[in-house]
Structure formats: C-alpha cells, structure tokens
Amino acid sequence: MKLITILSIFLCSFTNFAQESIEVLETTTYFFIRHAEKDTSNPNDRNPNLTDLGKKRASDWAKILADTTIDFVFSTDYYRTQQTAKPIAEHNNVAITSYNPRDLYTTEFQQITKGKTCVIVGHSNTTPTFVNKIIGKNKHADINEKVYGKLFIVTIKNGMITDTVLHIN
C-alpha cells in the first residue's frame, strides 16, 4: 500500500512538473514583398496601377505562398501594393489590412501578429526598413527600383529572430 501511495505521489508530482515545464512556443512569420511592377508611363502619377507584368507577378506571389496558411495580409494604401496583395489575400480568404509605412512595427502590430503568419506588401524603401525595425539592425538597404522579386522572411520563435532574403524572378 505504501508503494502505491508513493508511486501515486511521484506520478502526480511528475505530471505537474511536466505541465509547468512545457513551454508554448509561438512562431511568428513575416513574408515581406515589394509591390509588383508599376505603370511608369506617367511620371506625375504618384499612385499608379500595376502593369500586366505586375499583375502576373502578383498572381505568382500567391502561387509561391499557396502552401502556406496566411493569417494576415498587410498593405499600404497605394493601388500597386493593394493590387499585389489581392491575389494572396483572396487565396487565403483574408481581408487586406492597411498599414502606415511611417509607423512600423508598433506594439499593436506586434500583439495582433504574434504567433501568426503574415504577408506585408510595401515599397522599395519601406520593405527593408520594416524588416530592419523587426530584426533590430540596419542590415537591409533600399531595394533597387528595377528589382521586384525579393522575398524577405522574418521568423520570431522563442525570442530568437532570424531573417532570410530570397530572390525570385
């Protein structure tokens, strides 16, 4: 009888210890892309649409990310970023959430995206700036105006931040 009591106490203690020791690890993943090719035929147009090539690239981004469940799609309020984000948002049945490129990685943004997978569509200057803000380093320079195929991936897991850049053409 003593053995059963001791064994029961041990098992209960072990179970409580194991439950306290299990740490829930949430992974937050951000995919950052620059908007696709924009129409540059009117140099005075500050809010151009995508070209046909840009629309194809936007569709290709959705295909590239097709096997990834996306929780949020963020975009600035410009036509070119919204049009780039649209195929990704539609594929994942999520709305496009606008963000202010002058107010990056706010506490509110961090809270709503924690443990989520997000796509953020920005610009040649705001995309690397946003990535740099998250990683806490001035690592990535502005994207060349002719480059549309960079994919920045930032992952936060257990307080560790990693970043990768892929070139997809």
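Is threonine 76 buried or exposed? In this predicted model, threonine 76 is buried, because its relative accessible area is 1%, and residues count as buried under 20%. The residue lies in a loop between a strand and a helix, and its side chain takes part in polar contacts with threonine 81 and histidine 123.

**Threonine 76: position and contacts**

- The loop that holds threonine 76 runs between strand 2, residues 72-75, and helix 3, residues 79-92.
- The side chains of threonine 76 and threonine 81 are joined by a polar contact of 2.8 Å.
- Histidine 123 also has a side-chain polar contact with the side chain of threonine 76, at 2.8 Å.
- Leaving aside residues up to four places away in sequence, threonine 76 touches Thr81, Gln82, Tyr99, Pro101, Val121 and His123.

**Fold of the protein**

- The protein contains five helices and six strands.
- Along the sequence, these elements follow the pattern α-β-α-β-α-β-α-β-α-β-β.
- Of the contacts between residues at least 6 apart in sequence, 65% join residues at least 24 apart.

**Burial and surface**

- The protein has 169 residues, and 36% of them are buried; threonine 76 is one of the buried residues.
- The accessible surface of the protein is about 10,500 Å².
- Carbon and sulfur atoms account for 52% of that accessible surface.

Key:
Residues numbered from 1 in each chain as written. Predicted model: local features only at pLDDT ≥ 70, side-chain atom pairs only at ≥ 80, totals over all residues. Heavy atoms only, no water. Helix = DSSP H or I, 4+ residues; strand = E, 2+ residues; numbered from the N terminus. Buried < 20%, exposed > 50% of the residue type's maximum accessible area, 1.4 Å probe, protein only. Polar contact = N/O pair within 3.5 Å; in protein donor to acceptor, adjacent residues only side chain to side chain. Contact = heavy atoms within 4.5 Å. Areas by Shrake-Rupley, 256 points an atom, 1.4 Å probe, with all protein chains shown as cover.
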